[in-house]
Amino acid sequence: MIRPVTRFLIAMVLGLPAVAQAPSTTSGQASNQSLAKKQQALLQRAERLKVMMKELLVRYTKEGREDYVRILKDGIAFLDKSGLEETLTQAWSDLNQDLKSRALASQTKVLTVIEELLARLLDRRSLEGLEKDAKDLEAKLATLSQLQKRNQRLDEQRKRLQEQARSETEKKIQKDLQQLAREQRQMANESAKQASSIQDRLEQALNQIRQMQRNAETLDRKVEDEASGKVDPATQLAIKIQQAAIRAAMSMGTKDLETRSTEQKQLAKTAAELATESEQRAAKSEGDTGTETAKDRRAKALDKETARLLREASKKFSEAARRLDESKQSAQSEAERERAALRTQEGLTRLGQAMDRQRRRNKDALTRAKELARKSEDLAEDLARLERDRPSAGQAARAMKDATKAWEKVEEGLRPEERRSREQQPNPPKAPPQDASKQERTKEDRARARAALSKAEQALAKDVERMQQNAAQQSRSQLAKQGEMSQRAKDLQSRMEQARQQGEISPEQEKQAKSSMQSAQQSMQKAMKNLDRGSRKAAARAQAQAAQKLQEAAKKMQQSGKPGPEQQQDMQRLADEQQKLQRDIQELAKRINPKKNPKAKRHLEEAADQAQKAKEALQANDPQEAERAQEKTKKALDKAKKELQKERDQYLSLRQEELLFKIVDELTTMIASQSTINRQTLTLMANAGEKSSRGLRSQIRQLGRKEGELADRASFLSENLAKEETLVFTYVLGSIATDLKQLKSAMSKRRPVLSEEITDLQNETLVQMKWLLQALRQQIKQKKEDRKKKEGGNPGENSNQGQNKKRLVPDKAELMLLRRLEMDVREQIQAFLDLEKELGNDFEAMNRRRLNRLSLKHAKISDLFKEFVESRGMSLDPKKGEAEHGEGGKEKGDGTEEKSGEGKERKKR
């Protein structure tokens, strides 16, 4: 990757003196001195190498080439730990003292270090290192799986203890709640089936129009306020939150720890003050519940949600400040600073969410006008689709189109150029009063829009009322049944209160279930009103909500149960086991490298915190809180497992990539050797006479031994590919090994004779090597691209879906190579057939042997294809195919007979 350094390293590898490989050249004092000089030159190169790497690091840092900077830093750190210069010095000293064995050992160590350094600079890892990391992650994943099982077992034991502590009255009430919820859900389904979809859509449209009319009144007030430069309290609070968020973002770039800590403390204080302000505004409307509208309830809910988010932000900033202070004394200062940065980011996220809540709470006039225009346009389109069934819908649609045009003019009037420029500023100043003419035009447009809304309402109201009256007559039986179910819900609530007074359920159980029961009864009353006025679809929605709340009440009642005296002792035992689980999760978190997998470490730390909370809840005999903590522990452990699996898969992918590199390197060497052997064979054939001399036969046998060495190397590669479940590539290497062994046998006889058959086999072997090399290089390129996509968050398609282990070579590459082999064999067979037809009786026996060999090869490729298909869970059996796909293939005109005829014709050929 970093070419100047890598070229220098390769030169060093080639320049290493070989002490033991050439003993004849190292005999005598002169030879020792020569090797010692070479060794000293390598020592000087090693020193230059380190200087070169540091210079490149400075240069690439200035250029902002982050990948190169990362690789160089890793290489320099490895070089410092490796002791390369010391080992080279030792080898030089050993050569001076004629200690050849010790010098060879030192040189071997040097070679290992340089090869590892070269792999790092090429951004490649050693196979051994990758396999070690993958095995280490497998061990961590196994430990994590055990922790997950233990957490699940503790959760199940807690549930059993809660079930044992429940009284018979409690069980009966819960059973009746669940039964009532089922009946209510069934009734909701019946109401939905009997409802008219057209009526429901018209009712919803009418409600939307009436809501728009209310929003139009609010818009009028907003326009007047903004025209006079008035800013509402909610907008003021949103601006303050935005300013705090900007400060928080800027503080993350501050390098001075003291300044960062002070800023985090100030941000925590500011967020707490803003939370108090939001809470006070929400509290002002608490006493007006009798006259409270849905809009008021939404505003109050948004104020409370804003306050909650601001409180959370304050806690995050406080924790960030605490961790920054601890990092000054802690041995793990870097980890503490990373956690502080994470807490600051979380606090910043909470501020953004709080600001969003305030903006949603109090929209400005322009935003409201845009929403009214958009909603009017959408509603006009919906009503136009109903015009064929209901003429009133068409009338309302035309009125809504007029309203849309009017709202668009209102929006345009509220967006003059000076307003657009102000909206681009982070803190816009107060708006100056608009001139009288613009205010008047906007007022006229708003009046036209409201008039169009009234016209649309009148068009729908009478039609909807008639439909509701007809539906109400048919809903009397359902109305009576709903009233009966509402009374049963009241009776259940009374029974819960009585059971609490008698001590059969706890006050917490009644409190938790009561809120859901009240919501269920409200939904039931709403359903009765809708049934009474004939709105079955709306009644069905209310009935479904009631069923959900009843089920929720039953669940809360079960969760809130307190263990009795007999179960409390068992709860303490569970708390002890929970504490052991928390310690073991912490131990696993410590084993995670924060630089390699910060997310997994963070999730495990979160799981440990939640396990601690679960222990404390069990000690306090609070199973409800323990359940929540155990559930959060489970989720955090699941997230950590996913991150560890990602890291393991990355190592396995890199291992496969490195294995391909190794095979490519080996195959490249084999191709070079085979090319040399082929040239030498042709030279010997040209020089041979009718009778080969003894020297010529010796040279042929020597070439045969080289073919045997290549055969052994091909067999070794084939065995390694077979372990990776690679069928076609393994076959090709195995076929190459077989051909090379055949060449060795033919060329290593006592009286070997070179022939055209041998040279053809050599050429064919070389061609197959080149095909395989090309295919492997393509796979290396593809794997690199896939890795980059995954690192960029865009994982590519998995060509081996359903497989637990990703194959070294995808199915597509295997099939492409198989196709190439098949096409080559067919071409050769056809060439021989054409030659036989041309020559007739003169066709030589040698050529017949070649044709027979090709026929066998073709049969093997066919068998290989069948094996490949079956290994992927498919079948080539036509009867099986008919069974799986039906008998459609037997119909007339489907081409079955034609295909069968083509098959017979191919058999004849």
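These legends walk through close-up views of one predicted model.

The numbering starts at 1 along each chain as its sequence is written. Because the model is predicted, local features need pLDDT of at least 70 and side-chain atom pairs count only at pLDDT 80 or more, while totals for chains, interfaces and linings use all residues, and side-chain values use heavy atoms, with hydrogens and water left out.

**Figure 1**
Helices here are DSSP runs of H or I with at least four residues, strands are runs of E with at least two, and both are numbered from the N terminus. Of the 909 residues in the chain, 43% are buried. For this and later views, buried means under 20% relative accessible area, exposed means over 50%, and partly exposed lies in between (1.4 Å probe, protein chains only). The chain exposes about 51300 Å², and carbon and sulfur atoms supply 47% of that area. Accessible areas come from the Shrake-Rupley method with a 1.4 Å probe, and for residues only the protein chains shown count as cover. Now look at the contacts, meaning heavy atoms within 4.5 Å. Among contacts in the chain with a separation of 6 or more, 80% join residues 24 or more positions apart.

**Figure 2. The largest nonpolar core has 37 residues.**
A nonpolar core is a set of buried Ala, Val, Leu, Ile, Met, Phe, Trp, Tyr and Cys residues joined through side-chain atoms within 4.5 Å. Look for Leu667, Met670, Leu740, Met747, Leu772 and Leu776, the residues with the most contacts inside the core. At least two core residues come from each of α22 (623–687), α23 (694–723), α24 (727–747) and α25 (756–791). Which helix gives the most to this core? That is α22, with ten residues. There is also a second, separate core of 35 residues, and Leu202, Ala396, Leu453 and Leu460 are among its members.

**Figure 3. Helices α23 and α24 pack with their axes 8 Å apart.**
The angle between α23 and α24 is about 160 degrees. Axes are lines fitted to C-alpha atoms, for helices over the stretch in contact, and angles run from 0 to 180 degrees between N-to-C directions. The pair is therefore roughly antiparallel. For such labels, angles under 35 degrees count as roughly parallel, over 145 as roughly antiparallel, 65 to 115 as roughly perpendicular and the rest as oblique. The crossing of α23 and α24 is left-handed. A crossing gets that name if the near helix is turned anticlockwise from the far one by less than a right angle, and is right-handed if clockwise.

**Figure 4. Helix α13 (residues 365–385) packs against helix α14 (residues 391–413).**
Their angle is about 160 degrees, and their axes are 8 Å apart. That makes α13 roughly antiparallel to α14. The crossing of α13 past α14 is left-handed. Residues of α13 that meet α14 include Leu366, Ala369, Leu372 and Ala373. On the α14 side, the residues include Ala393, Gly394, Ala396 and Trp407.

**Figure 5. Met485 sits in helix α17 (residues 476–501).**
Is Met485 buried or exposed? With 2% relative accessibility, Met485 counts as buried. Not counting residues up to four places away in sequence, Met485 touches Leu180, Glu183, Gln184, Met187 and Met524. Met485 and Gln521 are 36 residues apart along the chain, and their C-alpha atoms are separated by 9.4 Å. Helix α17 itself packs with helix α18 (residues 507–532) at an angle of about 165 degrees, with axes 10 Å apart. So α17 and α18 are roughly antiparallel to each other, and their crossing is left-handed.

**Figure 6. Ser519 lies in helix α18.**
At 24% relative accessibility, Ser519 counts as partly exposed. Ser519 and Ala546 are 27 residues apart in sequence, with 7.3 Å between their C-alpha atoms.

**Figure 7. Asn621 is in the loop between α21 (598–619) and α22.**
Asn621 counts as buried, at 16% relative accessibility. Where sequence puts Asn621 and Gln572 49 residues apart, their C-alpha atoms are 8.1 Å apart in space.

**Figure 8. Glu334 belongs to helix α12 (residues 333–361).**
Glu334 has a relative accessible area of 42%, so this residue is partly exposed. Glu334 and Leu324 are ten residues apart in sequence and 9.8 Å apart in space, C-alpha to C-alpha.
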